[in-house]
Each structure stands twice: as C-alpha cells, then as structure tokens.
Amino acid sequence: MGHEGFTEVTRLAAAREELLSAVDPPTAAESVPVAEADGRTLAEPVDATRDVPGFDRAAMDGYAVRATDTHDAGDRSPAVLDETGGDVGARQARYVHTGSPMPDGADAVVVVEETEARGERVEVFAAVAPGENVAPAGEDVERGDRLFEAGRRLRPSGLGLLKAGGHRSVSVHERPTVSVVPTGEELVDFDPGYGETTETNGLTVSRLVERWGGDATYRDIVGDDEAALRAAVERDTDHDIVVTTGGSSVGERDLIADVVADLGEVLGHGVALKPGHPVGYGVVDDTPVLTLPGYPVSCLVTAVQLLRPAVATAGGFEPEPFPEFEATLDRKIASEVGVRSFVRVRETGEGSVEPVRGGAGVLSSVAAADGWVVVPESLEGVAAGETVTVQRWEPHC
C-alpha cells in the first residue's frame with residue numbers, strides 16, 4: 001500500500017501502537033486538594049476513611065417509631081402513639097425529616113402520609129417493618145471501601161465522593177506536558193496578507209490537549225527553515241510530547257521528517273487514513289515527536305487519532321470513548337480500500353445525516369459537522385440509506 005511520495009504507509013492501528021510504545025507512563029505525582037482535582041488522574045488507589053452516611057438516617061419525612069408498635073396498624077384501627085421530642089420508647093413516635101438522624105430506640109419510619117397528629121398523640125395507619133424508610137450508616141459507602149483505583153481520571157461527581165469519604169486531598173499524576181509548535185513560512189498570527197494564512201492548527205491542538213488532560217505550551221510560529229525547526233524540537237524535548245503542525249509531507253518545503261530523522265529516529269511517516277495520511281512520528285532524546293499535517297482537517301483527525309491516546313498514556317489514564325449515535329445516511333460516502341476514512345457529517349433531521357462538503361483544507365467543514373463516520377479499511381464506502389454510527393469527537397461542554 002502506498003501514497004504518492006511515500007515509500008511505505010502504516011495502518012492506523014499499527015501507527016498508534018508504535019507511537020504509544022514511545023510514550024512513557026507518568027512517574028511523578030503530587031498531592032492536590034480534592035476541590036482542585038477535577039480532570040486529574042489518581043496516582044494511587046483511594047479508600048473511604050469513614051462510613052457514608054455516618055449514622056442511621058430517615059429516608060422519608062414522617063415519624064420514627066419502633067416497628068413492633070405498628071404491627072396491627074391499619075386504616076380502620078390505627079396504632080396510637082405518644083409524640084416525643086427525644087429518644088423513642090415503647091408506644092412513642094418522633095417526627096423526623098428526610099436525612100435526619102434516627103433517634104435512639106427507633107428502628108423504622110412511617111411516612112407522614114400514613115399518619116395523623118392529634119394533639120400530643122399520633123395515629124399511624126400503616127404497619128412498618130424494622131429498617132423500613134431508614135438509610136443505615138454506610139448505606140452509600142462503608143469505611144474501607146475502595147472508592148477509586150489508580151488511573152481514574154476524576155470528574156466532579158468523583159470529587160464529591162472523595163470528600164464524603166473523608167479525603168481533603170488526593171495524590172494525582174502531574175499533567176503530561178505537550179509542546180505544540182506550528183510551522184510554515186505562510187503562517188501569521190493575525191491579519192494575513194496576500195499569500196499568508198492565519199495560524200489556527202497550533203491553537204486548536206493546544207486547546208484540545210488541555211481538554212484531554214494535558215498541559216500545553218503553544219509556541220510561536222517557526223518558518224520552513226531546517227535550523228529553526230531543529231532548534232524548536234531540541235528546545236522542547238524536556239516535555240512529555242512534542243507536536244508540530246505543518247510541513248509533514250514530502251515536498252521541498254516539508255522538512256520536519258528530515259529534522260526528526262537527523263536528531264533522533266523516525267518511527268513512521270505516512271499513515272493509511274484520510275484525511276491526514278502525511279502524519280509522522282518519531283523519537284528525539286527519548287521524547288516522542290508527532291508531526292501533524294498542515295491542512296486543518298487533516299491536522300485535527302490525526303491529533304484525535306494519535307495525539308489524544310498519547311496524552312492519555314503520558315497521563316496514566318485511558319481515554320474515554322466518544323459519544324455516538326446511529327443515523328441513516330442521506331448520501332453515499334466514498335472511501336478507498338486499505339484506508340481508514342473519517343467523514344464529517346451533519347444531522348439533517350429525523351435521524352438522518354449527510355456528508356459535509358469540503359476537503360482537508362476547509363476548516364469551516366469541521367465547525368459545520370456534528371461528528372464523523374469512520375469507514376474501515378475493508379470497505380470502499382457506504383451506500384445511501386445505510387445505518388451508520390456517528391462519533392461526536394468534539395462533544396459539547
């Protein structure tokens with residue numbers, strides 16, 4: 001299998017495996033307050049240090065009672081109990097709110113709808129069993145329970161559980177550091193003149209790295225100069241991953257592959273995916289270097305497929321699967337056998353999607369898409385009317 005100018009093209013799965021084999025798992029950890037641990041990855045397992053809840057509590061508004069005192073209660077023959085404000089003794093009841101501690105002596109709660117207060121007494125119209133409408137101590141979590149294993153990337157709900165389980169701080173891996181270096185003589189930061197292009201790939205990739213759990217350094221533009229590219233890569237080998245955008249193909253101005261080969265080793269150059277086949281990857285000073293294509297859609301696809309799992313590996317966690325939905329394809333999708341294609345689609349209503357028009361250089365086609373359909377290497381395409389799975393690679397926040 002080959003593409004023009006490339007002597008060998010690697011399947012996407014093999015390329016991902018080769019790249020990840022060059023990424024070191026995290027070793028450094030730090031202790032951070034639980035409130036600041038959102039998105040961080042646990043460096044060690046965490047157990048509960050206390051029961052949650054720490055006491056038996058009422059699960060409903062009503063009266064705490066001794067269950068045996070309600071044994072014969074019914075609509076026509078209610079149990080009549082004396083109301084108390086303290087411990088519950090025989091033939092007594094105490095009003096409790098949901099979440100209130102159960103008073104000593106009580107072992108059940110009669111819901112308020114099944115009672116009627118009459119002065120200092122309470123009529124109970126339904127029998128309850130011991131433990132009914134009571135949340136026992138440790139119902140949610142018992143002391144010593146494993147809350148999370150090492151490698152868990154924390155979400156806000158997890159922070160709440162950690163705090164409830166008795167933790168003020170947790171040990172987490174340091175965020176993987178990623179240098180993002182945009183390259184190209186034609187690039188400018190803003191207000192492009194004739195023949196110039198506004199730099200967007202580095203911005204997009206660096207912000208994606210932050211969403212994926214990394215700490216991105218968004219570098220200044222580097223021109224198509226071998227010495228300048230060499231200096232930029234060498235400068236950032238103290239990062240966990242170095243990423244360049246642009247100049248990754250095999251043209252006269254595509255220099256980054258030669259720079260990586262001169263400084264270290266190119267592990268692969270050219271991957272059987274579309275868009276994005278000019279992507280390359282290698283190692284310099286034990287640091288993985290990923291060279292993404294300059295066309296914005298190609299850059300994006302290769303970043304999601306290769307950089308995202310690399311950031312996860314360097315961060316010590318597994319990337320979560322993207323949200324997906326099934327839809328009917330309005331128009332056919334063409335693909336090439338032996339190439340994995342990522343086809344942008346948009347929803348057209350009533351459970352249907354259609355391919356978004358625009359090539360690998362059309363950035364607006366990404367913003368217009370609701371996701372993409374992955375066409376595996378074994379297919380020449382997908383016919384109109386087929387049911388497809390749409391992957392939302394950029395879920396809404």
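Arg155 is partly exposed, with a relative accessible area of 40%. The areas themselves come from the Shrake-Rupley method with a 1.4 Å probe, and for residues only the protein chains shown count as cover. This is a predicted model, in which local features need pLDDT of at least 70, side-chain atom pairs count only at pLDDT 80 or more, and totals for chains, interfaces and linings use all residues. Residues are numbered from 1 along each chain as its sequence is written, and side-chain values use heavy atoms, with hydrogens and water left out.

Which side chain meets Arg155 in a salt bridge? The partner is Glu320, at 3.1 Å from N to O. A salt bridge is a side-chain nitrogen of Lys or Arg within 4 Å of a carboxyl oxygen of Asp or Glu. This pair links distant parts of the chain, 165 residues apart. Glu320 is in the loop between helix H6 (296-315) and strand S22 (324-329). Arg155 is in the loop between strand S11 (146-148) and helix H2 (156-164). Helices (H or I, at least four residues) and strands (E, at least two) are DSSP runs, numbered from the N terminus. Glu320 is partly exposed at 44% relative accessibility.

Now take a network. Asp47, Arg146 and Glu149 are joined by salt bridges that share partners. Within it, Glu149 bridges to Arg146, and their closest N and O atoms are 3.1 Å apart. Glu149 counts as partly exposed at 47%. Arg146 is partly exposed too, at 43%.

Next comes Glu30. Its salt bridge is with Arg40, and the closest N and O atoms are 2.6 Å apart. Glu30 sits in strand S1, while Arg40 is in the loop between S1 and strand S2 (46-47), 10 residues apart. Is Arg40 buried or exposed? Arg40 counts as buried, because its relative accessibility is 8%. Glu30 is partly exposed at 32%. By this rule, the count of salt bridges comes to 17.

Finally, look at like charges. Asp24, Glu174, Asp240, Asp285 and Asp286 gather in a surface patch of negative charge. Patch residues have over 30% relative accessible area and no salt bridge, and like charges are joined within 9 Å. Asp24 is exposed, with a relative accessible area of 52%. Asp24 lies in the loop between helix H1 (12-21) and strand S1 (29-33).

How values were computed: Patches are made of residues with over 30% relative accessible area and no salt bridge: like charges are joined within 9 Å, nonpolar side chains (Val, Leu, Ile, Met, Phe, Trp, Tyr) within 5 Å. Lys and Arg count as positive and Asp and Glu as negative; His and the chain ends are not counted. The place of a charge is taken as NZ of Lys, CZ of Arg, CG of Asp or CD of Glu. Buried means under 20% relative accessible area, exposed over 50%, partly exposed in between (1.4 Å probe, protein chains only).
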